[in-house]
Amino acid sequence: MNIQAARAWLVKASLFITALSFAFFLLAPVVGYPLSLEQTPRLLEIITPVFLGYIGNATYFVFGKRATTRKPPLRGSKELMTLLLKGPICVFGIGVLAAVVAFGYSNRAGATQGTGMSVDTLAGAISGALALLTVTTNVIASYLFSTGEQHAQNSKGA
Amino acid sequence: MPRTAKAPEFLALLGAAIAAASPPASRFEVPGAITASNAARVYQEYLAASKQGKQVAKGEVGLRDKCDFGQDAGFECILSDEGVIYLPPYPIALPHNLPVLPRGGTVAVRRWAPQDEVRDGAAKFARWKELALSGLPFDCDGPRCHVIVEALVPEQETSEISYAACEVTSMATRWAAPAACEQIAILHGSHVWLNAIIGARAARLSMGRPNLLLHLRGIAPKFDLPTSSSFALALKGNCGEALRLDFEVGADYLAGYSLGRPSVILQEGREQLDIYMHLRSLPGSPGGLGLTTKFNLVVNPQNTDRNQDWHLPSRQQEAEYEKRIRDCVSNAVHRVCKEVIRLDAAEVTCVR
């Protein structure tokens, strides 16, 4: 995967996850999922800012003034970059899916009383899954969508 | 002795241990609770605006008298035709411990007052705070006890802690949700506000909160009415089915409860429902049969056991329960009466 493909993939993944989050958490309370409409904004507030941030970076990269045309530095192999780009987001997706399924199943009508997952625990699980993106995808996004301003400033300073 | 014969005893001990180890909810929403700033404002308004308050503020010596408050004597007060006005330091008592007030047959008037304007205010507050921290029920009368909880008050500051006195009922191995809570104290930083007794006035009909009142009257010439027991059985059948509850039937009451089950009335979530129906003979000639129904309800959108996840229902949710209860009571009346003539919301004539 080259740099351009990596950028496109990250933007597509961010858009997809944002859209899916909105659709799920807004529709879930009305179709019988054990979340109330008062509780869903809290979960949306955890997930969407991260991916909206990536989309924002990409938008600024496309339309902003670029100080340099240099490609971002890449020390490892392209295969490693692909793994680091796609892997955490896939892990995030699997983690959130597991938490959502566990929440729904443990809070179903037929579950043993008192064994349900709380909204706090669900929020914690989602936050935990996002933590992986903080140490990987955030760094990758900052390099993929770098406008070179920092490098240009450093060069001027030198 | 076979092991199985010891199992019920062991389970009873285990249940008692669980009940002891699992006190009732310690933080609870209390309807009508106020913040410290509102308590202060109410007290200042009372001193400035009301006739009684002005008398208190001016300390009208000429009108002062000595009044009792239960077994405590020596409270300064002003006696009038309207009732009694206590002067600071005010008496104070928990709602269920109110003694007989002066001028017999009067009801207590409460106002928020600073702790130092309440007799033994500091000691009483310290005791209530200790009870709230322990969370253990006290002053029990059979299965019904009392508990002091930390009241969750909307818009209260982070430095505020409110306390409320509630009724709580022991049910098998657990405690029902606190009910009939009344806010009794507010701690705001180093200031304490207490809901003191500032006076007493003539009793008048209290609307209270039985959720449903129903009077059955007979029709001439015989004024024949169903018996209390037959009506109770009809209620047990109809309301038991409508609410999916197994009612306990006593001499003059029906009681049913559910603990954390999926709601049978709301479309989602779980409920803790405590419903009590009291049957009595109505005075007058000809008499009648009266039914008072009260219910306490807390709901939880999820299947968790944490106290903070259980909260009071919304108005719509409460209205749905009330409608279901009204309908089942109405059906029970139709079961014991051949014909029912409704006179108003609470009065029906039963034709047998």
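## Exercises on salt bridges within and between chains

B:K323 and B:D327 form a salt bridge whose closest N and O atoms are 2.9 Å apart, a salt bridge being a side-chain nitrogen of Lys or Arg within 4 Å of a carboxyl oxygen of Asp or Glu. This is a predicted model, in which local features need pLDDT of at least 70 and side-chain atom pairs count only at pLDDT 80 or more, while totals for chains, interfaces and linings use all residues. Residues are numbered from 1 along each chain as its sequence is written, chains are lettered from A in the order in which they are written, and side-chain values use heavy atoms, with hydrogens and water left out.

**Exercise 1.** Find where B:K323 and B:D327 lie, and state how exposed each one is.

*Solution.* Both residues lie in helix α6 of chain B, four residues apart, which is about one turn of the helix. B:K323 is exposed at 53% relative accessible area, whereas B:D327, at 35%, is partly exposed (buried is under 20%, exposed over 50%, partly exposed in between, with a 1.4 Å probe and protein chains only).

**Exercise 2.** Explain why the pair A:D120 and B:R306 joins two chains.

*Solution.* The side chains of A:D120 and B:R306 meet in a salt bridge of 2.9 Å, N to O. A:D120 lies in helix α4 of chain A and B:R306 in the loop between β16 (288–300) and α6 (315–336) of chain B, so the pair joins two chains. A:D120 is partly exposed at 34% relative accessibility, and B:R306 is partly exposed at 26%. Finally, A:R42, A:D120, B:R306 and B:D309 are linked in a network of salt bridges.
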